[in-house]
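Dear colleague,

I am handing over the structure we spoke about, so that you can look at it alongside my notes. Please read the notes with the coordinates open.

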Amino acid sequence: MSKPFELGGHLHDQSTYMGRLKHFVSMTNPMLGLVSNKTLQEYKGALAKVKAGEKLPAHMNDAYLWNAQKYIQANFHPDTGEKVFVLCRMWAFVPANIPIMYMVVFSPKTPFWLIFGQWINQSYNAGFNYCNAPLSVQSDNATLFKSYLMASGSSAGIAYSLNNMVKYATALGPAAYRFASSLIPYTAVAGANMVNLFVLRRQEMYVGLDVFDDDGTVYGKSQAAGVKAVKQTCLSRAVMPIGPALLPIWGIQIMKALGRMPTSKLGQAIYQGAAIGLGMGVGLSGSVALFPQFGELDVKEMEPQFQNLKDKDGNAITKLHYNKGI
């Protein structure tokens, strides 16, 4: 028996890490992209009827509505209701990143491939952050361009510098050199991810994010919410590359040591691509599940203007919510 449907709710408990992990595992399923516009519009119509309190046809039961909401959340922005660019939707993140991270992790460690791989990766990340960021604070084109340049430059600079520095680890032996080399892709990607996100969304810390009550009534912008949202998202961006940029390297090194790697280049490429895909799936869901997408703050931790609010029924408001973004 399906859980009773709740508009805007979740099948899994979002107050726990495991509940959020189950939610994002389902949201990153590439099969969510295999749906027609006609079906999506039907799903939107069903959810609109629920919101309006209209009577639904018999086939639109709880299971149908939960499924409809999942497809809508996977393809539309929660703030605007508009479709997110197809390659920047949650379900597209893993397949879009497999070739990118393969190039970052397993391409030759020459200056060209180090810089080109990081540039492609940060170009995609900039687009993903832009498309999925909360829209209560808009970034101008100059800020977006600065974010892009700083993230691309920092990732390429970190990768190039570490690649030169790690050469000194050869004096410590082959094992130390392999370990030090394995950290280059992760360190470059994680560092650039945080730079990219901070520059793109730093206005949220100064201007604030929209905060709202349980009924969705917005009471203004809170800097406290903005600071918390940016900090949490930066941390998740630092954790995210562990799966695709670090674990696959260690996994392939272990397989080579055990003599389990194919000898042909094609076979090795297949194994490496599979390791990237598995690491990407684990890293994405595991990192974005660290914190709820819609956070809440006790009004005592917020600015003075939010500490004496009352809801439509005249009850004192003790907590307000905000959209952290992905």
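What follows goes through the salt bridges, the cysteines, a surface patch and one serine.

Please keep in mind throughout that this is a predicted model, and that the values below are computed from it.

**Salt bridges**

The count of salt bridges comes to three. In one of them the side chains of Asp210 and Lys221 meet, with 3.1 Å from N to O. Since Asp210 belongs to strand E1 (residues 209-212) and Lys221 to strand E2 (residues 218-222), this pair ties together parts that are eleven residues apart in sequence.

Another salt bridge joins Lys312 to Asp215, where the closest N and O atoms are 4.0 Å apart. Here both partners come from loops, Lys312 from the one between strand E3 (294-298) and strand E4 (319-323) and Asp215 from the one between E1 and E2, so the pair ties together parts that are 97 residues apart in sequence. Lys312 counts as exposed, because its relative accessibility is 69% and the cut-off for that class is over 50%.

The side chains of Glu296 and Lys319 also meet in a salt bridge, at 3.9 Å from N to O. Glu296 sits in strand E3 and Lys319 in strand E4, so that this pair ties together parts that are 23 residues apart in sequence. Glu296 is partly exposed, with 38% relative accessible area, and Lys319 is also classed as partly exposed, with a relative accessibility of 36%.

**Cysteines**

How many disulfides does a search of the whole structure find? The search finds zero. Cys131 is in no disulfide, and the nearest cysteine sulfur to its own, that of Cys88, is 3.9 Å away, whereas the criterion asks for a pair of sulfur atoms within 2.5 Å. Cys131 is buried, with a relative accessible area of 18%. For Cys234 the closest cysteine sulfur is the one in Cys131, and because the two sulfurs are 18 Å apart, they are too far from each other for a bond. Cys234 also counts as buried, its relative accessibility being 12%.

**A nonpolar surface patch**

On the surface, Phe179, Ile242, Leu247 and Trp250 form a nonpolar patch, and together these residues have about 340 Å² of accessible area. Which helix gives the most to the nonpolar patch? That is helix H10 (residues 242-257), which gives three residues. Ile242, one of the residues of the patch, lies in helix H10 and is partly exposed, with a relative accessible area of 32%.

**Ser154**

Is Ser154 buried or exposed? With a relative accessibility of 19%, Ser154 counts as buried, because the cut-off for that class is under 20%. Ser154 lies in helix H6, which covers residues 141-165, and, once the neighbours within four places in sequence are set aside, Ser154 is in contact with Ala192 and Val195.

With best regards

Methods:
Residues numbered from 1 in each chain as written. Predicted model: local features only at pLDDT ≥ 70, side-chain atom pairs only at ≥ 80, totals over all residues. Heavy atoms only, no water. Helix = DSSP H or I, 4+ residues; strand = E, 2+ residues; numbered from the N terminus. Buried < 20%, exposed > 50% of the residue type's maximum accessible area, 1.4 Å probe, protein only. Contact = heavy atoms within 4.5 Å. Patch = residues over 30% accessible without salt bridge, like charges linked within 9 Å, V, L, I, M, F, W, Y side chains within 5 Å. Areas by Shrake-Rupley, 256 points an atom, 1.4 Å probe, with all protein chains shown as cover.
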